[in-house]
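Please look at the structure below before turning to the numbered points.

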Amino acid sequence: MQRPGRIWNVFARSLGEQGAEGRTALAWWWALTGACPSPVTLSPPAGRLPGRGELLAEAEAAAELDRPGTDPGGQVMHARFVLQWLAGELDALPLWNAEPKNQHVSDGAEYPHARAEIEEVHDWALLARLRYPWPGDSAPDLASLGFGWAFGTTQLLAWACGEAAEGPLASTRVTGRPTLYQVSLDIRRAMTGLIHAREDGQPTGTGRMEAIMETFLWLAGWNPLPPVDRHGHGAFEDCPEREAPCGCDAAGRCLQGECAACWRVPCLHGLGLEGFPVGAGARLEGRAAGRGESRIRRTQGQDHPLDQGGVGE
């Protein structure tokens, strides 16, 4: 009942406000995937997308609550609003910060990941920049998509870590690290950009927009896996050891064959080892003081410039 770009806009802002836990997030899960219990009655998942009539029936049903008369944080109420809005029965946006001129009634949800975890994934994203270098204008679509994916992931994570001055899409500027809600406001039009990139046949822009969306979903706690792994592989690429336990951080070096995660491809600790994607114009700096984490830095001239739509200039 709603356009994809509008759904993403509201969905992202909803995650920024309330996070990926609770009945409101469950309403989005159920309506968009059908793979979870329904948000109001907590009925078992049907394994298929609910129809418009089912959305409205669930929105009007009596709630299954821990205690009668309780609705902590108005979660059930907001879940009902989400379902009614998706079904086209509610004009008002199902958000705390719904007014265009007053988008800060709520400060939003906390990041579900510790700052050190986000910085670690940023390191992995920088490794992905080496794995997916600029392939040239006539490169296969998959290579261009990989470059765009690594670029978009790095952009958003750099801002989330406080290492970039502004957001990747709306150039939102904040003091210090952005909140999850501020991130949602910056990337809320990513779906529209993705649709345009696909329609225009721009694999680099497509990869960048997809990566920004997937990165935000991980930052919000919606996606359990980050957009890149410790080997610098994007989520679109199959990595058999993506979820294997890695002991290289504790060892301070890539254990390679002794590590279940790195026996095939070295992780970030494997700079200089065979299979490590070191490209021209990049270097791995020493351990950051106080964090014990590797950090890849880009040198001037390594990257092909992209405009805000993810298209080469």
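1. Thr154 lies in helix α6; helices here are DSSP runs of H or I with at least four residues, strands are runs of E with at least two, and both are numbered from the N terminus. At 4% relative accessibility, Thr154 counts as buried, where buried means under 20% relative accessible area, exposed over 50%, and partly exposed in between (1.4 Å probe, protein chains only). Leaving aside neighbours within four places in sequence, Thr154 is in contact with His122, Ala125, Leu126 and Arg129; contact means heavy atoms within 4.5 Å.

2. The model is predicted: local features need pLDDT of at least 70, side-chain atom pairs count only at pLDDT 80 or more, and totals for chains, interfaces and linings use all residues. Residues are numbered from 1 along each chain as its sequence is written, and side-chain values use heavy atoms, with hydrogens and water left out.

3. Helix α6 covers residues 141-160, and its 20 residues should span 28 Å at 1.5 Å a residue, which agrees with end C-alpha atoms 28 Å apart. The expected span is 1.5 Å times one less than the number of residues. Of these 20 residues, 16 are buried, so α6 is largely enclosed by the rest of the structure. Gly162, whose phi is positive, near 80°, follows α6.

4. How do helices α1 and α4 pack? Helix α1 (residues 4-18) and helix α4 (residues 75-86) meet at an angle of about 175°, with axes 12 Å apart. That makes α1 roughly antiparallel to α4, a term for angles over 145 degrees. From α1, the contact involves Arg6, Ile7, Val10 and Gln18; from α4, Gln75, His78, Trp85 and Leu86. These residues divide into four nonpolar, three polar and one charged. Ala, Val, Leu, Ile, Met, Phe, Trp, Tyr, Cys and Pro count as nonpolar, Asp, Glu, Lys and Arg as charged, and the others, Gly among them, as polar.

5. The protein chain contains 10 helices and two strands. Of its 313 residues, 50% count as buried.

6. Confidence deserves attention. The protein chain averages a pLDDT of 85, and 82% of the residues score at least 70; pLDDT is the predictor's confidence in each residue, from 0 to 100. Among the elements, helix α9 (residues 203-219) has the highest mean pLDDT (97) and strand β1 (residues 282-285) the lowest (39). Over residues 279-305 the pLDDT is below 50, yet this stretch has 58 contacts in the model beyond near neighbours in sequence.

Technical notes:
Axes are lines fitted to C-alpha atoms, for helices over the stretch in contact, and angles run from 0 to 180 degrees between N-to-C directions. Angles under 35 degrees count as roughly parallel, over 145 as roughly antiparallel, 65 to 115 as roughly perpendicular and the rest as oblique.
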